[in-house]
Amino acid sequence: MNVTNQQLARIKWLLFAVALLPFLRLLTYTYLDKLGANPVEFITRNTGDWTLYFLCITLAMTPLRKLLQWHWIIRLRRMLGLYVFFYAFLHFMTFLWFDHFFEFEEMWADVLKRPFITVGFSAFVLLIPLALTSSNGMIKRIGGKRWQLLHRLVYVIAPLAVLHYFWMKAGKHDFSQPLLFAVIVFSLLAIRVFWRWRAHLTHTAKAF
């Protein structure tokens, strides 16, 4: 399936608008006072969930490109990756603002004391350099190979994000969603490992 540059531009605008809907819904619910009995928990859960959704969608771009031969789809990955950071930033700011009221010492103590927050905070920190180097200018500045190596951090971030979610849900003995995310992320990473292994075998065979 091929698309023209004009069609791709329309797809990007549509994707931008659709990906913004969860945030607009959150603003609407806030304005209408429909966040429930615990607004902070609602916002925290909502922004965390959408961070994981967009993370999984972003990881799915390369497998979809190879399996469906939709080479154009990879050009949507940057926007999706930035939305991962956007919702992760909102998730973190909810923690910093509403849980700790910008008391950085208290926040840091909480990060060090509670393992699930430690893991989540680590995933967020690792996302920052990926967001900062997402532009074409930064790719040219640091070089394509270094950029690719840096952005492989997503393979660390994704398991950390799932582990953060798993530990958070473990306190409520709710494992269904964390296990689903774990299966999705593991599958998306495993298929990459398989393709690399197969490519290595092919290269080795040709060498002989």
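## Burial and overall make-up

A residue is called buried here when its relative accessible area is under 20%, exposed when that area is over 50%, and partly exposed in between. The model discussed below is predicted. Buried residues make up 34% of the 208 residues in the chain.

The secondary structure consists of 9 helices and 0 strands, and the order along the sequence reads α-α-α-α-α-α-α-α-α. The C-alpha trace spans about 65 × 40 × 35 Å along its principal axes. Of the contacts between residues at least 6 apart in sequence, 64% join residues at least 24 apart.

## Surface and charge

The chain exposes about 13,300 Å². Carbon and sulfur atoms supply 68% of that area.

There are 23 positive and 9 negative side chains in the chain. The centres of these two sets lie 27 Å apart.

## Helix α8

Helix α8 covers residues 154-170, 17 residues in total. From first C-alpha to last, α8 reaches 24 Å, close to the 24 Å expected at 1.5 Å a residue. The buried residues of α8 are Val-154, Ile-157, Ala-158, Ala-161, Val-162, His-164, Tyr-165 and Lys-169. They cover an arc of only 155° around the axis, and therefore lie on the same side of α8. In an α-helix there are 3.6 residues a turn, so residues three or four places apart point the same way.

Lys-169 belongs to helix α8. Its relative accessible area is 8%, so Lys-169 counts as buried. With residues up to four places away in sequence left out, Lys-169 touches Asp-174, Gln-177 and Pro-178.

## Helix α3

Helix α3 runs over residues 77-99 and has 23 residues. The distance from its first C-alpha to its last is 32 Å, close to the 33 Å expected at 1.5 Å a residue. Buried positions in α3 are Leu-80, Tyr-83, Val-84, Tyr-87, Ala-88, Leu-90, Phe-92, Met-93, Thr-94, Phe-95 and Leu-96. These buried residues pack against four helices: α1 (5-31), α2 (39-68), α4 (104-113) and α5 (115-132).

Met-79 is also placed in helix α3. Neighbours within four places in sequence aside, Met-79 is in contact with Lys-12, Leu-15 and Phe-16. Along the sequence, Met-79 and Leu-15 are 64 residues apart, while their C-alpha atoms are 8.5 Å apart in space.

## Loop residues with positive phi

Most residues other than glycine have a negative phi. Gln-69 is found in the loop between α2 and α3 and has a positive phi of about 60°, although it is not a glycine. The relative accessible area of Gln-69 is 44%, so this residue is partly exposed.

Phe-101 follows α3 and lies in the loop between α3 and α4. Phe-101 is not a glycine, yet its phi is positive, at about 50°. With a relative accessibility of 59%, Phe-101 counts as exposed.

Leu-67 lies in helix α2. Its relative accessibility is 59%, so Leu-67 counts as exposed. Leu-67 and Ala-131 are 64 residues apart along the chain, and their C-alpha atoms are separated by 27 Å.

Leu-201 is located in helix α9, which covers residues 176-207. At 39% relative accessibility, Leu-201 counts as partly exposed. Leu-201 and Val-154 are 47 residues apart in sequence, and the C-alpha to C-alpha distance between them is 25 Å.

Key: Residues numbered from 1 in each chain as written. Predicted model: local features only at pLDDT ≥ 70, side-chain atom pairs only at ≥ 80, totals over all residues. Heavy atoms only, no water. Helix = DSSP H or I, 4+ residues; strand = E, 2+ residues; numbered from the N terminus. Expected span 1.5 Å × (residues − 1). Buried < 20%, exposed > 50% of the residue type's maximum accessible area, 1.4 Å probe, protein only. Arc of directions from axis to C-beta. Contact = heavy atoms within 4.5 Å. Areas by Shrake-Rupley, 256 points an atom, 1.4 Å probe, with all protein chains shown as cover. Lys, Arg positive; Asp, Glu negative; His and termini not counted. Charge placed at Lys NZ, Arg CZ, Asp CG, Glu CD.
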